[in-house]
Amino acid sequence: MAFQYGVIEGLYDQENQWSWQARSAYAHFCAQKGFDFYIYAPKNDPCLREQWDQPWPQSQFDALHTFGATLKEKNVRFGIGLTPFNVRELNQKTRQQLQEKVSSINRLAPDILCVLFDDFSNEIDQLARTQATIAEFIAGHSSAEQIIVVGTYYSKDPLLQRVYGTMPENYWSDLGRYLDPRFDIFWTGDHVISLGYDQHGLQQVADNFRRKPFLWDNYPVNDTDWLKHRLKLYSFTGRPWKLNDWCRGHAVNPMIQPWLSMIPLATLADLYRQRDQFDAHASFRQAVRDLCGASLGSAIEDNLICLGEEGRHFFSDFTRRRLESTFKAFKSDREQPFVREILHWLQVKE
């Protein structure tokens with residue numbers, strides 16, 4: 001399968017869940033920008049994580065089914081991310097539960113199924129081998145044409161070992177050895193939120209995994225407490241277009257704000273299309289105006305440092321009032337989705 005890039009909705013935030021209206025807008029956006037896939041894997045959907053063995057409420061299942069069909073109508077591949085939370089072995093009970101869950105997911109007809117072992121304890125004997133066995137079992141009951149796995153240690157970031165315990169010796173090479181070669185493996189880079197990627201680092205990972213990694217890129221994500229006060233609106237930087245040779249694919253994780261996330265995401269399409277001619281700032285300027293209109297786009301560009309670098313934590317009362325006054329002036333239907341997100345972000349009480 002050729003290199004592919006697209007969106008992975010992998011947000012943690014419980015208070016700012018995306019609406020189905022926003023997701024529907026993404027079906028059009030992804031098709032327009034040439035994105036290959038959209039993976040639904042929000043950490044705030046308990047039926048995919050802590051309560052994965054429970055069925056979705058019928059209304060949510062129906063909405064997911066409609067969304068997946070809409071993506072496929074626009075030739076965007078539909079993915080689902082399942083975390084078999086606290087499954088430590090395959091016994092009669094867990095096999096039955098997993099089979100029932102995968103059967104339910106099959107009714108949504110995803111093209112991609114992600115099996116996600118991130119963000120829970122590593123207190124399992126032979127961790128890599130056990131995870132590979134669980135992933136194989138899930139894949140064996142799935143109708144999806146592509147399986148992507150993420151391990152407990154999906155980055156070199158020491159944060160993961162501080163939180164989840166010491167990584168077992170040879171974990172990455174064991175995961176690559178035990179996982180079927182047809183499976184892809186997600187990797188976020190040297191850090192959970194990486195500033196960039198290079199060939200040397202990715203080749204090291206490929207050697208361990210025995211396959212090219214599939215990037216899970218946590219940009220422009222801002223759902224962690226230390227990033228919520230910033231809107232990451234600028235172009236993708238630190239990501240060479242040659243990633244399309246060094247990796248199997250590139251999945252980007254957006255912000256809490258779905259509409260504003262489209263601005264940086266649009267520049268990813270430019271990066272891979274324009275290659276050596278890619279100009280990050282020109283791409284940003286074009287994207288923000290194409291999406292928001294010339295006037296609002298100009299206002300966002302004029303305040304880019306305040307919104308993305310200084311951040312809400314550090315605003316004086318004057319700056320907050322000035323920004324609210326500036327963005328309240330934009331009232332057209334085209335501008336409103338973006339303006340509402342900016343104003344809501346400004347008005348959040350810390």
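Predicted model: local features only at pLDDT ≥ 70, side-chain atom pairs only at ≥ 80, totals over all residues.
Is Asn86 buried, partly exposed or exposed?

Residues are numbered from 1 along each chain as its sequence is written, and side-chain values use heavy atoms, with hydrogens and water left out.

Back to Asn86. At 43% relative accessibility, Asn86 is partly exposed. Buried means under 20% relative accessible area, exposed means over 50%, and partly exposed is in between, with a 1.4 Å probe and protein chains only. Asn86 is in the loop between strand E3 and helix H3. Helices (H or I, at least four residues) and strands (E, at least two) are DSSP runs, numbered from the N terminus. The phi of Asn86 is near 65 degrees, a positive value in a residue other than glycine.

Asn75 has a positive phi too, near 60 degrees. You will find Asn75 in the loop between H2 and E3, and with a relative accessible area of 68%, Asn75 is exposed.

Now look from Asn86 across to Ile124. They are 38 residues apart in sequence and 9.7 Å apart in space, C-alpha to C-alpha. Ile124 sits in the loop between E4 and H4 and is buried, at 12% relative accessibility. What is Ile124 in contact with, leaving aside its neighbours within four places in sequence? The answer is Val87, Arg88 and Thr130, where contact means heavy atoms within 4.5 Å.

Let's move to a helix. H3 covers residues 92–106, and its 15 residues reach 21 Å from the first C-alpha to the last, close to the 21 Å expected at 1.5 Å a residue. That expected span is 1.5 Å times one less than the number of residues. The buried residues in H3 are Thr94, Gln97, Leu98, Lys101, Val102, Ser104 and Ile105. Those residues are on the same side of H3, because they cover an arc of only 155 degrees around the axis. The arc is that of the directions from the helix axis to the C-beta atoms. Here is a handy rule: an α-helix has 3.6 residues a turn, so residues three or four places apart point the same way. The buried residues of H3 pack against helix H2 (58–73), strand E3 (77–82), strand E4 (112–116) and helix H4 (127–140).

Which residues of H10 are buried? They are Ala280, Ser283, Phe284, Ala287, Val288, Leu291 and Cys292. They lie on the same side of H10, because their arc around the axis is only 125 degrees. H10 itself runs over residues 280–292, and its 13 residues reach 18 Å from first C-alpha to last, close to the 18 Å expected. Its buried residues pack against H1, H9, helix H11 (294–302), helix H12 (304–310) and H14.

Next, please turn to the loop between strand E7 (214–217) and helix H8 (243–246), where Lys232 lies. Lys232 is buried, with a relative accessible area of 16%. Leu233 is in the loop between E7 and H8 as well, and it is buried at 1%. Leaving aside neighbours within four places in sequence, the contacts of Lys232 include Tyr219, Pro220 and Glu309. With the neighbours set aside in that way, Leu233 is in contact with residues including Tyr219, Met255 and Phe284. Pro220 is in the loop between E7 and H8 too, and a cis peptide bond joins Tyr219 and Pro220, with omega about 10 degrees.

Last stop: the largest pocket. A pocket is found on a 1 Å grid over the protein atoms alone, as an open set of points with protein on both sides within 12 Å along at least five of seven lines, and lining residues have an atom within 4 Å of a point. How many residues line the largest pocket? There are 23, of which Glu15, Asn16, Ile256, Gln257 and His344 lie nearest its centre. Helices H1 (20–33), H9 (258–274) and H14 (336–347) are the elements that give two or more residues to this lining. H14 gives the most, with five residues.

Key
1 Å grid on protein atoms, 1.4 Å probe; cavity = no way out; pocket = protein on both sides within 12 Å on 5 of 7 lines; lining within 4 Å.
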